[in-house]
Amino acid sequence: MLLLEPGRLIPTERLLDLLWAGDPPSSGRATLHTYVARLRAVLAPHGVTLTGRGGGYRIDVPAETVDLHRFADGLDRAAHTTDPAERLRIVEAALALWRGPLLADVADEQLRARLGVGADEQRLTALELRARAQLECGMHRQAVDPLVSLAAEHPYREGFTELLMLALYRCGRTADALQSYRDLHRRLVEQVGVEPGPALRRLQQQILNDDPALLPQSGAGRRFLPWDVPDFTGRADELSWLDDYSRQVTTSGAVLITAIGGTGGVGKTALAVRWARQAADRYPDGQLYLNLRGYDERQPLAPGDALAQLLRMLGVDPVPADVEEAAALYRDTLAPLRVVVLLDNAATVEQVRRCCPAEPATS
């Protein structure tokens, strides 16, 4: 219970209430004191401090050492990540921290219900976020089975049914998608007395109309560039040079590879994104973006992981585990396409080499 709120003083009264389900015995305070003394003895060799003062107790550990808080941080980062492939990677890593119900091995069902409502809701949000990212990456077939289970486990949660309908429709299973809507509609009307929300009703109508907007994104729709800097200024000469040079090379059919170098913070990414967005009409099959994390506090993105993300952006899945096979599949997929690929924060040649469409005609 203390680890759920590290660094915060938890009042003794609250701990007594939670430990004894609202009916602590007269010896509760003494028993709680004994529990704390035992915990101190167990945790002290590990450098974990448990203090008692001001009518409560506090455990001092960094939040990132507690899996629940690592999960919450991952969920927040995923929600603010624009690249769907990167978002999918982050949210899957966060969900991997769950190995069963919260506090399953230490708390009874009543205590879990009191402590775990927020965490359980966060987990459901993460599962929805993962499914949406899969659909954005063209992984609708992989999304179907988990969504079937989730929609069955949470029959009144419209988000899961909405995602399931879209995944089924994209798999060519229009009748199943519409049946999912009818099943949810019936449950809501008969058991809750309400109609499905406007988003779900709109999706049903789009499916009935075979709205092209529901189809998986084609190459022309694979636009993964970050947001442009709204107050971008300067760099007119560099933009002009990139524009003129790319026009000369792309008209010849050659592969153009251009590197933008400079010290940190000078605006390399902003320049690349600005040019890529301006030139998007010359790359009608897509604009891909990948942060290689070469100078990130986290581990730089390995070539195999980078290829996997790029292939998923292109709608290719599953991805070969062998790096060279994945690289060959990547080159083969890109061969007939006109695509701009923006690789950001590259630290080494090896990070970039396999992510190039082919050997460069110029550099």
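Q: What do the numbering and the confidence limits mean here?
A: Residues are numbered from 1 along each chain as its sequence is written, and side-chain values use heavy atoms, leaving out hydrogens and water. The model is predicted: local features need pLDDT of at least 70, side-chain atom pairs count only at pLDDT 80 or more, and totals for chains, interfaces and linings use all residues.

Q: Which residues of helix α1 are buried, and why do they lie on the same side?
A: An α-helix has 3.6 residues a turn, so residues three or four places apart point the same way. In α1 (residues 12–19), Thr12, Leu15, Leu16 and Leu18 are buried (under 20% relative accessible area, 1.4 Å probe, protein chains only). They cover an arc of only 165° around the axis, which puts them on the same side of α1; the arc is that of the directions from the helix axis to the C-beta atoms. Helices are DSSP runs (H or I, at least four residues), as are strands (E, at least two), numbered from the N terminus.

Q: How is the packing of α3 and α6 described?
A: Two packed helices are described by the angle between their axes and the distance between the axes. For α3 (residues 67–79) and α6 (residues 117–136), the angle is about 40° and the axes are 11 Å apart. Axes are lines fitted to C-alpha atoms, for helices over the stretch in contact (heavy atoms within 4.5 Å), with angles from 0 to 180 degrees between N-to-C directions.

Q: Where is Glu128, and is it buried or exposed?
A: Glu128 is in helix α6 and is buried, with a relative accessible area of 15%.

Notes. Buried means under 20% relative accessible area, exposed over 50%, partly exposed in between (1.4 Å probe, protein chains only).
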